[in-house]
Amino acid sequence: MNKEEYMRLAIRLAKKARGRTSPNPLVGALVVKEGEIVGKGFHQKAGEPHAEINAINNAGGKAIGGELYINLEPCNHYGKTPPCTKTIIDSGIKRVFVGMEDPNEVVTGRGIQCLKDNEIYVQTGILREECQRLNETYIKYITEKRPFVILKSAASLDGKIATRVGDTRWITNEKSRAFLHRLRDEVDGILVGIGTIMADDPELTARLNGRKSKDPVRIVVDSKLRIMPQSKVLKLESEAGTIIATTELAHKERIKKIEELGARVLIVGSKDNRVDLGELMHELGKLEITSLLIEGGAEINASSLDSGIVDKVLFFYAPRIIGGADALGMVGGEGVEKLNDAIDLKNIRVRRLGDDILVEGYVNKG
């Protein structure tokens, strides 16, 4: 096997902990000696040993004189765990291959330099782009202190998210819905507008077949605090909490009532009498919500795109045509007047989910 193949295995190991390491990155590591993998490990949860520690422990004495493959630069500082560079040095490993440098200012370059200072050969940039994509959430959060935002929407082939009378279930197929629940299981938070709560009363939980799921924190954008006390998001037995993001327009008695039901009411600034989504992202970053899935209706989709908070788009299309001038489209609002002002996507990927089509792309902010 070559370096790229070993790094792909490290990335595959890292993916096993998706949704479980926040606010830490996803990291996998391999110890290789004389062409044989003698140790494997990945970071399983924040506060627990890092990937390279687990791989070196797995290798034991076989690590002496071996090589370490890891998708992210090892740390060289004390945090919740000791510095990984010390363990690497003490293990007797002689060569380290790194996918990408850690963008965390307390780490970047220091881990690599420490290894070099201790006469360990280091090569960086092995499958760098794949490693960056793996930890796109971590990179955004650690550099901007805001969550990485994914906008998801599901529509018919002609772009309708509901019929003219509001029927929405189900536009897409079971494979698309299963994909969505895996995504909910991986993100820290899920955000909807009050319109979705009032129309559909969703639970916003993750439901996986065959294994235990992790619910995201539920976030409802509700500028005037119109949410009803009997709403499901306020009554769920879930380890994840519920946040109602509102403004100074909310009555104090309503705030008290919602807080008594166990939800957290977050008062943020407003723009045009609506929750300022940019400020909300800043507040969610303070709460260590590193990734956010927006799963609302046409208006919250429009607001989130207009505010510039969206990083990635996932649009699901079902092979059916709904039609109707009054049927809602995927994105509401006023829209742009000229095509030159349209929001462009880059790095587009298209895949099939049964008969459905998923279009994935990143918002071009450059």
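Helix α11, spanning residues 298–307, is mostly covered, with seven of its ten residues buried. This description, like everything that follows, rests on a predicted model. The buried positions in α11 are A298, I300, N301, A302, S303, S304 and L305. The elements that cover these residues include strands β6 (148–156), β7 (189–193), β8 (217–221), β12 (274–275) and β13 (291–294), together with helix α10 (277–286).

The chain contains eleven helices and 16 strands. Its C-alpha atoms fill a box of roughly 70 × 45 × 45 Å along the principal axes. A compact globule of 366 residues would have a radius of gyration near 21 Å, and the 23 Å found for the chain agrees with this. Of the 366 residues, 49% count as buried. The chain exposes about 18600 Å², and carbon and sulfur atoms supply 46% of that area. Among contacts between residues at least 6 apart in sequence, 71% join residues at least 24 apart.

Five strands form an open sheet in the order β2-β1-β3-β4-β5, and their pairing is mixed. Strands β2 (36–42) and β5 (121–124) stand at the edges with a single partner strand each, so one side of each has no neighbour in the sheet. From one strand to the next, the twist averages 15 degrees. The partner of β5 is β4 (residues 95–100); these two strands run in the parallel sense and are joined over four bridges. Within this pair, R95 stands opposite Y121 of β5. Helix α1 (residues 3–15) packs on the sheet, where it touches β1 (28–33), β2, β3 (67–72), β4 and β5. The direction of α1 makes about 140 degrees with that of β1.

Side chains of opposite charge can pair when their charged atoms come close. In this chain, the count comes to 15 salt bridges. One of them ties R8 to E130, with the closest N and O atoms 3.4 Å apart. This pair connects distant parts of the chain, since R8 lies in helix α1 and E130 in helix α5 (residues 128–134), 122 residues apart.

K365 pairs with D311, and the closest N and O atoms are 2.9 Å apart. Here too the pair links distant parts of the chain, with K365 in the segment after β16 (356–363) and D311 in the loop between α11 and β14 (312–318), 54 residues apart. K365 is partly exposed at a relative accessible area of 48%, whereas D311 is buried at 10%.

The salt bridge between R352 and D355 has an N to O distance of 3.9 Å. R352 counts as exposed at 59% relative accessibility, and D355 counts as exposed at 54%. Elsewhere, salt bridges that share partners join E136, K312, R349, R351 and E360 into one network.

Technical notes: Residues numbered from 1 in each chain as written. Predicted model: local features only at pLDDT ≥ 70, side-chain atom pairs only at ≥ 80, totals over all residues. Heavy atoms only, no water. Pairing = 2+ DSSP bridges. Axes fitted to C-alpha atoms, helices over the stretch in contact; angles between N-to-C directions. Contact = heavy atoms within 4.5 Å. Rg over C-alpha atoms; globule rule 2.2 N^0.38 Å. Buried < 20%, exposed > 50% of the residue type's maximum accessible area, 1.4 Å probe, protein only. Areas by Shrake-Rupley, 256 points an atom, 1.4 Å probe, with all protein chains shown as cover. Salt bridge = Lys/Arg side-chain N within 4 Å of Asp/Glu carboxyl O.
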